[in-house]
Amino acid sequence: MKNSISQIKKALIEKKMSVGELYDEYLAKAKSGNNNSFNLVIDRENNISSINDSQNRYDNGNPLPLDGIPLGIKDLFCTKGIRTTASSKILSNFIPNYESFVTQQLLNDGSIFIGKNNCDEFAMGSSNETSYFGPVINPWKNKNSQKDNLVPGGSSGGSAAAVAEGSCVASMGTDTGGSIRQPASLCGIVGLKPTFGSCSRWGIVAFASSLDQAGPLTNCVEDAAYVLNSINKHDFNDSTSSNHQREDYLVDINNSFEKKIKIGIPSDYLEDVSDDILNQIDNTKKALSKHGIEFVDVKFKTTEYALSTYYILAPAEASSNLARYDGIRYGVREDGESLDDIYLNSRTKGFGDEVTRRILIGAYVLSAGYYDAYYRQAQKVRRLIKNDFQRILNEVDFILTPTTPNEAFKIGDKLDPISMYKNDIYTVPTSLAGLPGISIPSGLSKNGLPLGVQFIGNYFEEKSLLQLAALAEKELSFNE
Amino acid sequence: MSNNWEMVIGLEVHAQLKTSSKLFSSSPNQFGSEPNENVNFIDSGMPGMLPVMNFGCIEMAIKTGYALNFKINKHSVFERKNYFYPDLPQGYQISQFEFPILSEGYINIESGDNQKKIRIERAHLEQDAGKSIHDIDPKYSFIDLNRVGTPLLEIVSYPDLSSADEVINYISSLRQLLMYIDVCDGNMQEGSLRADVNLSVRKKGQELGTRCEIKNLNSFKFIKQAIEYEFQRQINIIDSGGEIEQNTMLFDTSTGETRAMRSKEFSHDYRYFPDPDLLPVNLSQEQIDKIKPLVGELPQDKLNKYLDNYSLDKDIAKIIIAEKQNANLFEKMISESTVKPKLIAAWLVGDIFAFIKENNLEVDSLNDKTKDITDLLRLISDDVISNKAGKEILPKVLNGEGKPSELVKELGLEQVSDSGELEKIIDEALVGEEENILKFQGGSDRVLGYFVGKCLKATKGKGNPKLINKILLERLKK
């Protein structure tokens, strides 16, 4: 078992190691790692003042909540003075002059960034194979074919692999349709997508604004609570940031529930799934039943529409969000004879295939004559999906689902976009509803690969969601 | 030939709102800065930047709603209008489309001797774009993003206008109202108010023709020229057997001609959709009601007040209400003195405005002189000085050279209103005028003027003319 944030903090407080030693240990792993989980590793000299400041705070006995903790940051978060690429060629030379709200909170709380995690280009992908910087390799191997390189999932594949390989204590990802939870599941770690509106999107390269949400990928549920405490704040500069009162997510995390908990398992999610996946649900059910938690069958009415709805709305927003990458003001510009040529050449050469595909889909569903049939219709269905979740969450406290329909697959195995999109079948509905979801490791597949289950809670109920996940985690932990 | 033809015009007027910061960013909203000075990360479309609505723009839109008789919508939505251009850094303009903040308003304009009601379909808030400058360098274009994100209220009329003069009256009335309610500085030269003209022609009584849109006109002169040219152009095409294409036109100010910029088949598909970075604007009745008192008196209210309460002549009243600052100055003088409003008005539109024009001043610059002005007018209406002396002193008062009463003394302009003294002067003046006296008594009124002049001259212009008149009449009737 890897060290948790609280264990590391304890060691630093007790002076069993210094902040510098801790940092060097993770930096060395990040630099020597051959999973391609970082697009950029930050040199020690660029972090030296942060390391020294952090050590001073420990020496003075007043460390900050995340003091000295080495973090990986998905290369979608703008980091001041540090190249931020969204794993795209078009931003491959872009150095922001500002720090995203979320990463600023992490810096304010004393954490130290190891580097920028590889991800799918503009967070579009479920396997981290669309990155301009090449695919990320899952640290896990299929025990029956050890030589195959597997995908870590995506789009936060680098963030997940980095935590799993031990080159950072925790990492930041973003989740639009499953981009935190799915790679967390495939890499055997914890991934939390908070309620939409919890964590500011300011300074995160936008993919689909109504769905994008930042969240942590961590070794354990408690670590997720540590990070969430830091990043979950109202931000005036994000109009969709909620200004509800935030809670301390750590305070009750190891306590048992005071009231009786009821969890719904959507039977429609479990049709046609493999035994591997069914086992995860069964394991979890058994483990939690011991704690007096009740399980009931629930049935969604809208599940079959979720993926199509998502693949209309997310590309529609993306087609507009990515219009600013035109080679005019920043990023890579390809010359041309005319203005239109500059646009065409810069964007054709700057974007990869999946990004291009989604821009085209998005422009299509928004275009005159198709808007009502696609975009407007999808908005209506999204409302129905939301209502469907509300209906079920009126009956139960949480929903339990698999995180993914399968284990990690081989790099290059899924060439057809539709079969790739299906990887997010369990995570997309939650995203459309804006609800929080957490994936925790629940067991190993027959091939010895990690799998996860997803708990879904009600809006802004991250505190009890983490409490539940922590309870399940104690029962489900598996040995690597 | 064009007698059988009439033009049908609808206008889109873009009014820049006078907020201190932009519609969705905190950059200053001001004209005349160095290029790209008023630009932040949001304006320049940096990755991950998000818009935050400036509520001041909503308040200004609500004020406009009251002034232009609009229905103020409690629910409005900002959408993205997507197109590529280098002076549009986000690749989309944030605008209201399906749900504008204002709908179904109107204003009354003058058309000949009559009033005409011009219906306004909608008004919506949107961001302005930056400026592309193509004429500095032969090879490169330059981009100034200062204007990016400046709040605009686009006011879209129905095609209720039917002449260039009506269009100009409509825009002037809009401009006057927007300036009155303090939401737009009305400076057309700086682009604070610009109009797109949609014009079609038809034979009288027939159905609407195909329209062309002339973009971005920012002076009354150009608007008139463009309308007249385009009207004739369309008639000529139809008369020679052609058909009007629905084009977007540019007006070339150097040639006075309109020419096609793009045709409908190349028109953009803007792919509008609600901006997911922004929440819909949902206003409560209280929020809307709260703005109403801020609208203040509108020009028509003032006109009625000036005619009914102050008995001004309509022409003079109109000159005063034309600009809010005139009316403010006028009303300040009324509130500060007991001089008759009519006298104040006459002096304001006469000598005072002449002084302002001559010295190239702002009307507001006289705000601290109002007491001196009314003191001067008081001296005139009390017959302490003559009208003529008043005219002489006014520029000195406005230049701050002294208080009116001091200036009167200094320049020795006090009227002689001592009847004893005047009687003496009059008696002297009548000596040797027997012939003229007889003429007067024989019914010739003209002689009276002659005698008044002679007496005034004897007082070196300082004699009180009214008193002189009175005493003269007494003497002559004897």
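**View 1. Ala28(A) and Ser32(A) are exposed on the face of H2(A) that is turned away from its buried side.** This is a predicted model, so local features need pLDDT of at least 70 and side-chain atom pairs count only at pLDDT 80 or more, while totals for chains, interfaces and linings use all residues. Residues are numbered from 1 along each chain as its sequence is written, and chains are lettered from A and ligands numbered from 1 in the order in which they are written. A residue is called buried if 20 or more other C-beta atoms lie within 10 Å of its own, exposed if 12 or fewer do, and partly exposed in between, with C-beta atoms placed from the backbone. Helices (H or I, at least four residues) and strands (E, at least two) are DSSP runs, numbered from the N terminus.

Helix H2 of chain A takes in residues 19–32, and its 14 residues reach 20 Å from first C-alpha to last, close to the 20 Å expected at 1.5 Å a residue. That expected span is 1.5 Å times one less than the number of residues in the helix. Which residues of H2(A) are buried? They are Val19(A), Leu22(A), Tyr23(A), Tyr26(A), Leu27(A) and Ala30(A). These cover an arc of only 125 degrees around the axis, which puts them on the same side of H2(A); the arc is that of the directions from the helix axis to the C-beta atoms. The buried residues pack against helix H1 (5–13), strand S1 (38–41), helix H3 (44–59), strand S2 (70–74) and S3 of chain A.

**View 2. Phe133(A) sits in a loop of chain A, between strand S3 (112–117) and helix H5 (157–165).** Is Phe133(A) buried or exposed? Phe133(A) is buried, with 21 other C-beta atoms within 10 Å. Leaving out residues up to four places away in sequence, Phe133(A) touches Asn36(A), Asn39(A), Ser87(A) and Asn118(A). Here, two residues are in contact if their C-beta atoms, placed from the backbone, lie within 7 Å. Look for Asp120(A) too: it is 13 residues from Phe133(A) along the chain, and their C-alpha atoms are separated by 9.2 Å.

**View 3. H10(A) has a buried side, with Tyr343(A), Ser346(A), Arg347(A) and Gly350(A).** An arc of only 90 degrees around the axis holds these four, which puts them on the same side of H10(A). Turned away from that side, another face carries exposed Asp340(A), Asp341(A) and Thr348(A).

**View 4. The largest nonpolar core has 198 residues.** A nonpolar core is a set of buried Ala, Val, Leu, Ile, Met, Phe, Trp, Tyr and Cys residues joined through C-beta atoms within 7 Å. Those with the most contacts inside this one are Leu71(A), Ala469(A), Ala61(B), Val167(B) and Val197(B). Helix H2 (residues 164–180) of chain B gives the most to this core, with nine residues. Zoom in on Val197(B): beyond residues up to four places away in sequence, it touches Ile9(B), Leu11(B), Val167(B), Ile214(B), Leu217(B), Ile223(B), Ala226(B) and Ile227(B). A second, separate core of 30 residues includes Phe330(B), Leu366(B), Leu376(B) and Ile385(B).

**View 5. In H12(B), Leu422(B), Ile426(B) and Ala429(B) are buried.** Down the axis of H12(B), the buried residues fall within an arc of 60 degrees, so they line one face of the helix. They pack against helix H14 (446–458) and helix H15 (465–477) of chain B. Over on the other side of H12(B), you'll find Gly420(B), Glu421(B), Lys424(B), Asp427(B) and Glu428(B) exposed. Just after the helix, Gly432(B) takes a positive phi of about 80 degrees.
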